[in-house]
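The sequence and model come first.

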Amino acid sequence: EVQLVESGGGLVQAGGSLRLSCKGSGFRFDDFAIGWFRQAPGKEREGISCITNTDGNTYYADSVKGRFTISSDNDKNVAYLQMNNLQPEDTAVYYCGGDIVAGWNSTQFCSNGMDYWGKGTLVTVSS
């Protein structure tokens, strides 16, 4: 059974940093794409950063480019999202998604979503 478990959310002041983790189990991590998606109150879920573990290809949404960094440790089955210079508009529930890489790149995964999801972790940025 594929499982994804997020951790690392919390409350931070504007300008601060957090690192989210996504621990995967039940699948070959290096065959998968992992993505970070977020959903703010009243808004649709958006893909903000994705990585294909087969080749390390990454995608960032414009809203987080230059501030967030995605990485993946295939030996530990963990993906990370380092978030710097957080702003109140980054407040959302952050979800880790996963899917087997079968021809799609990271941009396509972030645009179209994934088959497997974690339960989410809340990030709140105060002004």
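## Disulfides

C50 and C110 form a disulfide (a pair of cysteine sulfur atoms within 2.5 Å), with their sulfur atoms 2.1 Å apart. This pair links distant parts of the chain, 60 residues apart: C50 is in strand β5 and C110 in helix α1, residues 106–112. Helices (H or I, at least four residues) and strands (E, at least two) are DSSP runs numbered from the N terminus. The torsion about the S-S bond of C50 and C110 is about 100 degrees, so this disulfide is right-handed. Both cysteines, C50 and C110, are buried, meaning under 20% relative accessible area with a 1.4 Å probe, protein chains only.

C22 and C96 form a disulfide with sulfur atoms 1.9 Å apart. C22 is in strand β3 and C96 in strand β9, so the bond ties together parts 74 residues apart in sequence. Its torsion is about -65 degrees, so it is left-handed. C22 and C96 are buried.

## Nonpolar cores

A nonpolar core is a set of buried Ala, Val, Leu, Ile, Met, Phe, Trp, Tyr and Cys residues joined through side-chain atoms within 4.5 Å. The largest has 26 residues, of which I34, W36, F68, L81, M83 and Y94 touch the most other members. Strands supplying at least two residues each include β3, β4 and β9. Apart from this core lies another of six residues, among them A33, F37, C50 and M114.

## T52

T52 lies in strand β5 and is buried, at 1% relative accessible area. Beyond neighbours within four places in sequence, its contacts (heavy atoms within 4.5 Å) are F32, A33, N57, V101, W104, N105, S106 and F109.

## Basis

The model is predicted: local features need pLDDT of at least 70, side-chain atom pairs count only at pLDDT 80 or more, and totals for chains, interfaces and linings use all residues. Residues are numbered from 1 along each chain as its sequence is written, and side-chain values use heavy atoms, leaving out hydrogens and water.

Definitions and conventions: Buried < 20%, exposed > 50% of the residue type's maximum accessible area, 1.4 Å probe, protein only.
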